[in-house]
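Hi,

Here is the structure I promised to pass on. Have a look at it first, and my notes on helix packing and aromatic rings follow below.

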Amino acid sequence: MQDSEDSSANIPAIDPPQPDAHRVDDRQDGRLAWLLNEAHQPVDLAQALESARILKRVLDHSPLSIVVINPKGRIEFANQRYSDRGGHDGANLIGLNLEQIDKESAPRPHHKKMWHAIRNGRAWEGELLSQYGNGAMSVENVRIIPVLNEQNQLTHSICLREDITQHKAILDAMRQSESLYRALIDNIQLGVMMVDGDFNILMVNAGLERMLGKESGALEGAKCQIAFSHAEFIPEHCPGAECMRTRSGVESRMRLLRDDGSTGWIHISAFPNFNAAGMVSGFIEVIADVTEQVAAEQRQERTASVFDNTNDGIMITAPDGMILEVNQAFTRLTGYSQDEAIGNKPSMLKSGLHDTDFYQSMWHSILTRGSWEGEVTNRRKDGSIFLESLAIHAVRNGDGQLLHMVGVFSDITHLRETQKRLESLAHYDALTSLPNRVLFADRMNQALAQARRHNTLMAVGYLDLDVFKPINDTHGHDIGDKLLIEIAHRLKQGVRSGDTVARLGGDEFALVLVDIANTEEVGHILSRMLDSIAEPVLIGDLNLSVSASIGVTLYPLDDNDSDTLLRHADQAMYEAKQAGRATWITFDAEQDRLARTRREILTGVRLALDRKQFILYYQPKINMRLSQVVGVEALIRWRHPVSGILTPAHFLTAIEDSDLSIQIDRWPISEAIRQMSVWLEKGLNMPISVNISARLLHQPNLDQWLLEQFAEYPDVPPGWLELEILETAALQDIGLVGKVIDACGRIGVTFAIEDFGTGYSLLTYLKRLPAAALKIDRTFIANMLDDMEDFAIVEGVLGLAAAFNLKVVAEGVESASQGNMLMQFGCNIAQGHGLAMPMPAAKLEAWLPNFQLGYEWSLSTMRLEHEDLPLLSAELAHRRWVDQVFSAVDNGNHAPCITMDIHGCGFGRWYDRRGREKYGFLEEYVSIHPIHVAMHEIALQLLSAAALGESDKVLALRTRLLECQEMLMAKLDDLRVAITLLKNESDTVY
């Protein structure tokens, strides 16, 4: 209770005592004399005293402690209740200071406010903690009532005290109980709502707010329909209204739509609330969220419906296998009623067709994995056998304990029978009963997997009857079918048990032969098969004979998938047909790979032409004596988007027999003419030679096509274009080629025979071919310094060119030594990597201004006449002799067939005969002899030291022999110079 500083307005005034001559003496028990009416009227003293005594008795029996004090704080009256609470004698309290007594009994700071009010003559009310005389503490409600006279002066203060200790305890207990009750109500999962008779919500707990999705405090004081504003709720028909009408509890289930849009179900229990008069004042609802329960019930209903109405048989058993429940489908499928099945075990259905291991495996799977699925053959009540597809699942509780098992099965007897019939139709040929294409593919895949796994040989064959169609057309399909049936029987008899023979359709059959020991075994099997097929077939009066062609491929020699193997066997079968029939041929995997590669290249080249991926590189032709570029050879290149720049070696061979070769031949010519025109505009005069194939060479009207190309670039002289043809191509039809060369020559285009020396190179051919130039093949140039035969060929080609007045170009020059030798031969024009690499047009333009041959290319500036060429061959012969000596030493052959006679070696024979006849009078010739003799002597010593194993001596002698060889070569150079000076001839430049 709070303090009240001024409550005098509510307290009836008690007039203070007035001094009077008739005042009752205090000693005459007149402690309340001041309470008597002291007016000037006469007073009945006895009556007044009696009234005072009565009043005192009333005050003494009051539940309140009453004390009256004067303005000085002295007690003037205290009732018995106050005396008793402090353990005082009431008579002894009069005149005592009340504040002092309070401090002794209850020295508490709470009393300060009270005494402040008393001293100031103000009313006050509050709660004080006080101590009784017996030491007990109490809580008192205290009121101070000031008594004022007519002048508004304080005459007395009345102190009323009420002991509320027990009342406070009760209130605290009630508050605690209410707090506990509220905490309990708010934390239970149920919703609680108290509603009055007008459907106003008096109280809701937190559980209901959570359930309905409401904010805390949103429902209290509102109408109860607010709580269910989104539900199908009518206040007059709600459970609360019903329970108020019936004055008894009501239960109901209601669909709920929460504020967040979610739905659910609630169960409401409503109870009437009665007031003190026994009248219904409202109701209390206890609400439970039964959404999951409703869902479970619905699931159970659906499960029960499925259980009773499914076409699959269902049985539920205890952990020991005892049947607890079966559905109607179980009865229909097995013939056993529900009563017959329940209490029995599934073994009642056993057919006896499964062994003990089958059921042990089934139970092991159920107990370890929790389920088993498979097919079981069982027996119905009537004894008939049926095949069922069965699935068994173990049901366990949360602790893993097995509760029961559920078996679901269906009768698949008819399905399997139908499936077998369909498989037979799908996998076997209806006429011959052999496997068809589908089954053959499956068996071939299995055989292929086995061959891979065991690394064994497997054969795939493709067989086609050779003359079946005429027989079928002549005698009819009925006779043809009978013939096919007999051939199929013979084929099946001709293979082993693990092999497969299939009919693919018509008169085509396929074979798979497994676990073949070797290719010879395949040949024996196929040969026997062909002999068996060739035997006459008697059908009625007809005696028919057929043969077959077989193609076969062998895995892993042909390492491909099954479809590819069969296709390869089919290809080989067609080759057998072309080879004359009645035979078998093995597929050539390498030949097929080359064919596929060729097809891929053809496709790529065709696309490259469309996408303009071809370009020309230009390799200069150089006059080595003048260090001057006299022309270029155009070389086609493929700018491949993946592989980069490709040379003709990557694609020309693949397209040479196709129409693409004509386009590939024509494109470089057109491009070369265009490039010459571009160079002319830049002031560069550069003849170009282009290679063409025999196919283009034999095309009609080549000269007319060339005229069309030059017509597009009239500034280009046709004489700047040279067409190079292979010698072998020119010799295919020399008469036609001669005419083509003549026709093209009339418009100015010239021809060169490329790779001269690799063909027949007969004089009559050169005479009939009006070519302008010969190109010595690079293979002869590469070895002419070391190989006498190649040296002789180069010498012979140069002789033929001189005889027929043809210019000569040497191909493949890689070194200055080769170039110098060619210039001594009189061949000044050459091309090769040693001179200049092929390069694109732009790079060639940048290269030309800076071109200059090095010093090493001018070491042999003289040219020998044809009659002096034996000097070069003699030099080459001596080099070869030295190499033979070194080879004999290195190989341990110390008695080689090497001519050690100074007059018998090749160089000695030239020196003693032709050399002496022509140059014996020259000093340079005479000075050669001592060196030649010394070399033979050193060679003999070297071979002897090698035979004796004197390695140090061998090394020294090798060095001396090389030194003498260099001296000999120098002397020969001197001799060539002397010969040149002797003849006093100037160089001839081509």
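A crossing of two helices is called right-handed if the near helix is turned clockwise from the far one by less than a right angle, and left-handed if anticlockwise. With that in mind, and remembering that this is a predicted model, take α22 and α24: they pass each other in a right-handed crossing. The axes of α22 (residues 660-681) and α24 (residues 702-712) come within 9 Å and cross at roughly 35°. On the α22 side the contact is made by R666, I669, S670 and I673, and on the α24 side by W705, L706, Q709 and F710. Five of these contact residues are nonpolar, two are polar and one is charged.

Now the rings. The whole structure holds 11 aromatic pairs. One of them joins F358 and Y359 edge-to-face, with 5.3 Å from centre to centre and 85° between the planes. F358 is partly exposed at 21% relative accessible area, while Y359 is buried at 14%. Y359 also has the charged end of K350 over its ring, 4.4 Å from the centre.

The pair Y911 and Y925 is stacked, because the ring centres are 4.1 Å apart and the planes lie at 15°. This pair links distant parts of the chain, 14 residues apart: Y911 belongs to helix α33 (residues 906-919) and Y925 to helix α34 (residues 923-926). Both Y911 and Y925 are buried.

Best wishes

Conventions. Residues numbered from 1 in each chain as written. Predicted model: local features only at pLDDT ≥ 70, side-chain atom pairs only at ≥ 80, totals over all residues. Heavy atoms only, no water. Axes fitted to C-alpha atoms, helices over the stretch in contact; angles between N-to-C directions. Helix = DSSP H or I, 4+ residues; strand = E, 2+ residues; numbered from the N terminus. Contact = heavy atoms within 4.5 Å. Nonpolar A, V, L, I, M, F, W, Y, C, P; charged D, E, K, R; others polar. Phe/Tyr/Trp six-rings, centres within 6.5 Å; stacked < 30°, edge-to-face > 60°. Buried < 20%, exposed > 50% of the residue type's maximum accessible area, 1.4 Å probe, protein only. Lys NZ or Arg CZ within 6 Å of the ring centre and 35° of its normal.
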